[in-house]
Amino acid sequence: MPPKRIRTVEGSCWSCKQRRVKCSLEKPACSKCIVAGTKCSYDKILIKWDARPRKGSPVGNQLCLYHHSLPGSSGYNLAINERRAIDYFRSRVWPLFSTSAHPCPPPIALAMADRSVLLATCVMADSHRVLFDGRNSKENVYNKRLHCITTVRKQLADAADSKGMPLSTVLVAVLLMYFSDGFVECNHPDSSTLSHHAGARAIINSLGGLSAIMSDGETSIKMLLSEFATTDLTNSLLHGTPPSFPSKTWEMMDMNAVWWEKTPPGMESFASIFQKMSDLASYHDLVSLGKQEFSVQRIKEFEADLRPGYASISPVELTDHKEEEEEEDQKPLDPDMVPSSALLRAFQHSANLYLYRAVCGLPANHYVVQQHAQACLDCIMGMPSQSKALNCALFPLLVSGAHAFLDTNKQAIVRKLDVVYGNLKFNAVKSIRSALEDLWASPRQGGSWFEMFTGLDAQALVL
């Protein structure tokens with residue numbers, strides 16, 4: 001008689017399920033895996049996809065067959081939906097993090113090696129695809145999100161015992177969840193952008209601070225951290241909280257992989273502008289707490305530091321032939337750099353709006369305030385619709401839009417936000433539009449700087 005077939009036991013480890021042997025259910029590793037010399041894991045989840053869905057099945061259940069471009073994983077046998085999500089993240093989501101046409105490589109290698117990064121990558125890819133083409137189930141994304149949070153918490157506990165993945169790897173997962181909730185799912189009732197922000201800050205402090213990680217880390221981590229520091233700064237300016245990182249942190253940003261394009265020649269760098277904005281936010285915090293006196297001289301220094309700069313976008317006319325030969329190698333500003341130059345000036349004008357409104361207390365309709373608000377809008381409205389710089393101009397657009405009183409400007413701002421949403425498919429863009437429309441219809445537009453932005457979703461990130 002043939003031996004009786006042994007069926008797998010409920011709750012078996014993944015290796016025993018694959019080999020179809022009876023698992024002893026011992027943890028952290030069962031005796032069958034120890035004897036066989038295989039890796040024992042209880043936390044692996046496989047979602048099966050039907051390669052030939054029945055007629056009339058939901059679009060989200062139909063298989064996307066372009067995942068074969070991904071390499072295999074030494075640590076995990078990726079399910080088809082995971083391969084699809086990673087490929088979508090690499091080709092569609094990751095380019096949205098940067099204004100550069102050729103951003104640094106995404107953290108795919110980390111996703112292949114670590115479960116929490118893989119899940120966070122899949123969560124952001126799947127949640128974005130729900131908005132992009134509706135091909136994913138929101139319930140599946142929500143369940144995967146809960147699984148990712150559970151995995152991150154377990155890895156943090158293991159890291160505390162020095163037996164898990166390094167904290168730098170867990171940090172990538174937390175940052176991806178932070179951006180997923182803040183950019184894509186900010187209007188979801190269970191979004192926890194603020195919690196992820198606190199968790200990321202705690203991990204950064206444990207690793208020696210932002211400067212230590214930026215000086216020695218993978219390029220994708222540095223790029224994510226540059227965006228994290230920027231959204232932390234904009235959140236401070238909008239809601240009146242001190243920045244989480246000292247202003248000197250920005251001094252080394254331009255030397256690493258960052259989200260912004262290379263600085264146009266003849267202009268200040270983005271990092272330099274953000275450093276001055278950080279100094280300005282810290283100064284406001286000290287003055288409001290009574291730890292430092294308001295100084296007119298200091299205000300004049302900020303005015304001089306934040307004066308918008310302009311780069312030459314046309315060749316210099318030379319009358320002397322000899323000078324023309326000496327200067328023949330000089331070229332005008334690259335047309336591709338013009339939107340980046342406009343974005344930099346827009347941030348400078350928005351910093352001036354914060355200076356005059358939040359720090360100096362000038363009214364919203366003051367002529368100096370309106371000059372910077374209009375100039376900021378002009379910079380943004382001149383950007384091409386498909387420009388990646390436009391996608392990262394939401395903070396200047398929100399700030400200048402809050403000070404827009406003319407109907408023509410309001411209509412132009414709404415149209416621009418619709419263009420940006422079409423490019424990004426981020427719910428944060430809808431939150432900004434909703435906040436502005438609510439502000440324009442309320443008396444808060446004539447109030448203080450911080451009263452203007454109380455209608456903005458607390459979970460939304462504004463870059």
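1. How many helices and strands does the secondary structure of the protein chain come to? The answer is 20 helices and zero strands, where helices (H or I, at least four residues) and strands (E, at least two) are DSSP runs numbered from the N terminus. Please keep in mind that this is a predicted model, in which local features need pLDDT of at least 70, side-chain atom pairs count only at pLDDT 80 or more, and totals for chains, interfaces and linings use all residues. Residues are numbered from 1 along each chain as its sequence is written, and side-chain values use heavy atoms, leaving out hydrogens and water.

2. Of the 463 residues in the protein chain, 52% are buried (under 20% relative accessible area, with a 1.4 Å probe and protein chains only). Taking contacts (heavy atoms within 4.5 Å) between residues at least 6 apart in sequence, 66% join residues at least 24 apart.

3. Now for a lysine. Lys 144 lies in helix 6 (residues 138-160) and counts as buried because its relative accessibility is 12%. Beyond its neighbours within four places in sequence, Lys 144 is in contact with Asn 81, Leu 119, Cys 122, Val 123 and Asp 126.

Key:
Buried < 20%, exposed > 50% of the residue type's maximum accessible area, 1.4 Å probe, protein only.
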